[in-house]
Every structure is written in structure tokens, then in C-alpha cells.
Amino acid sequence: MAEYLASIFGTEKDKVNCSFYFKIGACRHGDRCSRLHNRPTFSQTIVLLNLYRNPQNTAQSADGLHCHVSDVEVQEHYDNFFEEVFTELEEKYGEIEEMNVCDNLGDHLVGNVYVKFRREDAERAVGELNNRWFNGQAVRAELSPVTDFRESCCRQYEMGECTRGGFCNFMHLRPISRELRRQLYGQSRRRRAPSPSRSHDRPRGKKRQRSPDHRYGRF
């Protein structure tokens, strides 16, 4: 019996523990979920809840049909955000193995930033980041059970076939530019960095430049 329970832990067959929380570190039911959310006491991964704000979600016209921010502007805004967060966290808390940002619209996933460190010392990051401010909002950090993002991502989204849109319950990861990926991971880290295949990077036509106006608040 013990072996069977262990084999189904965190799967859809598990009637006690929430499979969604186990896979993606979030659940649309939150504390009202009928299944247990087993929050880790140690992990390589932290989640910064609702930290990224997509400007296209707040720049629509009154009728909701037009957006005043172009895709190019959104990508530049996102790359600047990603670089700022990645650099700050790696400088303070150690080497980052993988960082992903959700582009979902559901409250439990929107703007979530998942950071997987190379070593299991994420507890210090959580302790220091909580109650700090970034870009005008309080940072909410938690240890996350997610270690394999392949199990967390929506495969249909990666193939451009997800019919649930932004309210899908699996991660829709927003890609960074290839230039930024090379800059952050570097030549010496490329063999250890997450694969840039599928939707995790995006080609850019010209060199990205940052200006002081685009900087975010430091942690």
C-alpha cells in the first residue's frame, strides 16, 4: 500500500494531494481546494507571485478591442524586466539554473516568476525578499515544489494549439530574446543552461538597448 501511495503522489489518481499544486506550484482554488497543498520546507525553486505585469493587459482601449502597446514594445519591456530580476537575484543568492515567467491570465498564475537556483539554498532568498518592494509593489515569495518545468508547461501552448488561452491551468511561459539569453547565461554556462528550444526564446531583429527610463526598482 505504501508503495502504491508513493507511486500516485501528486498525480491525478491522488485523491488527497493536489496534483496541480504539485506540478505548477499554484492552484486556481487556492486555500479552498479540497486537496492538500504540500508546501515544501526546502527547495531549489522559489516563486515570486504576480510580479510581472504585461503592459498589454493594462493598455487596452475602453472597448477592449485595441491595444496601444506594440508587440515590439512589450518584448523590450519584458526583456528589461527579466534581465533586472535575473541579475539581482543571481548576484545576491547564487547561480540561477532556470528562470521562467508565466504569461497566463488566471489569478493564481498571472505574472508568476519561477526561479530555480543551482543549489538548494532558496530559503534565504524567500526570507529576504518577502515584504520588500519591486517596481512599486510588495514582493511575495514562496518556496515552490516545481523542479521540472517540462511537467508544468502547457504542451498545446508550445505548439500554438492551446484553446484555453490565458486562463489555461498549465504554465504559458513568456519567451525572452535570444540575445538576452546569450547575455545572461554566457558562453561558459551554455551547456548547463535550460535548452532554448520550443518557446523559451525569440529572435530579435536588432540589438536591444536599455535606457534609464526602462529600469525597474531594485529589491
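This is a predicted model: local features need pLDDT of at least 70, side-chain atom pairs count only at pLDDT 80 or more; totals for chains, interfaces and linings use all residues.
**Exercise 1.** Check the span of helix α3 against the expected value, and say what follows the helix.

*Solution.* Step 1: α3 has 23 residues. Step 2: at 1.5 Å a residue, 33 Å is expected. Step 3: from its first C-alpha to its last the helix reaches 32 Å, which is close to that expectation. Step 4: Gly94 follows α3, and the phi of Gly94 is positive, near 105°.

**Exercise 2.** Classify the aromatic pair of Phe81 and Phe134 and say which elements it joins.

*Solution.* Step 1: a search of the whole structure finds seven aromatic pairs. Step 2: one of them is tilted, formed by Phe20 and Phe170 at 5.4 Å centre to centre with 50° between the planes. That pair links helix α2 (residues 19-24) with the loop between α5 (155-158) and β7 (176-177), 150 residues apart. Phe20 counts as partly exposed at 30% relative accessibility, and Phe170 is partly exposed at 22%. Step 3: for Phe81 and Phe134 the centres are 6.1 Å apart and the planes make 75°. Planes over 60 degrees apart count as edge-to-face, and this pair is edge-to-face. Step 4: Phe81 lies in helix α3 (residues 71-93) and Phe134 in strand β4 (residues 133-134), so the pair ties together parts 53 residues apart in sequence. Both Phe81 and Phe134 are buried. Over the ring of Tyr78 sits the charged end of Arg174, 5.4 Å from the ring centre.

**Exercise 3.** Find what the side chain of Glu98 contacts, and whether Glu98 has or lacks a salt bridge.

*Solution.* Step 1: Glu98 lies in strand β2 (residues 96-101) and is buried. Step 2: the nearest side chain of opposite charge is Lys116, 5.3 Å away. Step 3: a salt bridge needs a distance within 4 Å, and Glu98 has none. Step 4: the side chain of Glu98 does make a polar contact, at 3.1 Å, with the side chain of Asn100.

Methods:
Residues are numbered from 1 along each chain as its sequence is written. Side-chain values use heavy atoms; hydrogens and water are left out. Rings of Phe, Tyr and Trp (its six-membered ring) pair if their centres lie within 6.5 Å; planes under 30 degrees apart count as stacked, over 60 as edge-to-face and the rest as tilted. Helices (H or I, at least four residues) and strands (E, at least two) are DSSP runs, numbered from the N terminus. Buried means under 20% relative accessible area, exposed over 50%, partly exposed in between (1.4 Å probe, protein chains only). A charge sits over a ring if NZ of Lys or CZ of Arg is within 6 Å of the ring centre and within 35 degrees of the ring normal. Lys and Arg count as positive and Asp and Glu as negative; His and the chain ends are not counted. A polar contact is a pair of N or O atoms within 3.5 Å; within protein, one must be able to donate a hydrogen and the other to accept it, and residues adjacent in sequence count only if both atoms are side-chain atoms. The expected span of a helix is 1.5 Å times one less than its number of residues.
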